[in-house]
Amino acid sequence: MNDLPWLEQEISRLIALNQCYNISRSTYMKQTVYIISNCEPNINYVPVLYGCDGKILYLSAEDYQNLKFSGSIELIWKSN
Amino acid sequence: MKETEDQRIAAKFRQVFDDFEDPASNEGWLELRKKYPEEKGRPLFFWISSAAAALILFSGLWLYIPEINQEYTSSKISRIADPERIKKSPSLSKPQPIVHAPSESKLTKNEFNLSLDTNGVTNIKSALPESENVFANRTIDISKLSGLSAIPAKNSVKADEYTLSKSSQNTEIQSIKPDTMVLAIGEIAKTDPIFKPNTEELKLPEEKVKNSEKIRKKNFSLSLYAGSYINYADGSENKVNVGAGLSSDFRISKNLRISTGLNLSKNSLAYNQNEPANNYGSFQSANASIIGNLVALSNYKAELLGLDIPLNIKYLFNPERSSTYFLAGLSSGTYLSEKYVVEQSNFNSFAGISAAANNQEISRQMQDFDLMRTLNLSFGFNTRLSKKQSLTIEPFLKYPLGGLGSENLRFGASGINVKLNFNSSKKP
């Protein structure tokens, strides 16, 4: 995480929002992705995928319907 | 006088009836002609059937006559080669050149002499009448005749030795007289002067049929094979598998064969943590639509029992020995069974934890037919086991040109086949 400055900045931004967020890591379309999800129980939130370079992977509605990650999904950060 | 009067009356009657013409008979004939009109010419059917009959007759004769000639030639040769007959006939006791005369002649009924000049040219002076003597006033250079060589006159061979005379001892020669002239030249015997008949001409129809069957069999060979190979695919583990089948080769030219057959092969792939090229194909998680639930597929396995129909071209480097060859072509086929197993786990983004993994399976049978989607490349090294059997070691490579199976997985195979070839001829 220390090697990814954009991720540190993103974590700082999420902390400032004062909501439940978590960041997990997995593989999607043969590339490592970082998944940012809102874990507030009363919020319907669509997970956002980031590449290693910090760019958002924009997925279509169909992609989201059939969203499949390869390997495992590993939790790397969660807000308090 | 009375008789004369009677004769006169009778003559009168005769004259009257001789001059009588009944017009009704002509009308009757005309009526008959109307009923059965005169044919203007022979119908077309007649000429066609006549031509067909003539064709059949001539073609039949054409097929029949060569057989007669062959039988005649073979019997003639056997008589010449009969050692008992040769012993009986002093003039035939030595190997003798046989020269086919241009036509049936009376040569054997008459004497003719051979003499050699100093230039190695043989003159044949026949005692035949001028009208029948085909060799009259002609000089034949025996050296130009195939299988013969002329002997110079300086050799101590007497001219008498070259003389054939009509005698009781030469009855055998007479028996082969129709188109054969025998020259008794002892020295020439050293050069194996007997004209050998063309073996093809001497073959009987049954032999020809057998030969054609042999040729047909030569153009076709059957092989049984089994092999071990490694399946490979991008992201998958390399799995060792086996297959077996039969193949047949059809000769299209001296060096080329078309090779086809049927192959049953097992293919298995395991992607583990890697994503397959088909992005897990048609697999859809039932939990994907649950809010806050993320689906992770931790393993993807595929097992396919393939029925492969290759169509290859085989190039023989040395057609005489057929020891090595190169083969290339395309494969089509289907899969008798397809089994895809997906191991999935669900990640709850609210809790930030993953649930226990579970497996989902997709099974299909002969769902798709992949037409020409695999490229085949192989080398073959052949070793003869017996007259009709040989063993071939064949390293091969199967390269996918597109997605295979119902889930469009791209995978290939590389390994070695061991082939047992059944050949009807010496050449595999």
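Modeller: Over all chains, a search of the whole structure finds 12 aromatic pairs, where rings of Phe, Tyr and Trp (its six-membered ring) pair if their centres lie within 6.5 Å, and planes under 30 degrees apart count as stacked, over 60 as edge-to-face and the rest as tilted. One of these is the edge-to-face pair of Tyr280(B) and Tyr300(B), at 5.5 Å centre to centre and with 90 degrees between the planes. Tyr280(B) lies in the loop between strand 8 (256-270) and strand 9 (293-316) of chain B, and Tyr300(B) in strand 9 of chain B, so the pair ties together parts that are 20 residues apart in sequence; strands (E, at least two residues) are DSSP runs, numbered from the N terminus. The model is predicted: local features need pLDDT of at least 70, side-chain atom pairs count only at pLDDT 80 or more, and totals for chains, interfaces and linings use all residues. Side-chain values use heavy atoms, with hydrogens and water left out, while residues are numbered from 1 along each chain as its sequence is written.

Tyr280(B) is buried, with a relative accessible area of 0%, and Tyr300(B) is likewise buried at 0% relative accessibility (buried means under 20% relative accessible area, exposed over 50%, partly exposed in between, with a 1.4 Å probe and protein chains only). Tyr280(B) and Tyr300(B) form one aromatic cluster with Tyr271(B) and Tyr340(B).

Elsewhere in chain B, the charged end of Lys314(B) sits over the ring of Tyr325(B), 4.2 Å from its centre; this requires NZ of Lys or CZ of Arg within 6 Å of the ring centre and within 35 degrees of the ring normal. Lys419(B) lies over the face of Tyr225(B), at 5.4 Å from the ring centre.

Terms used. Chains are lettered from A and ligands numbered from 1 in the order in which they are written. Helices (H or I, at least four residues) and strands (E, at least two) are DSSP runs, numbered from the N terminus.
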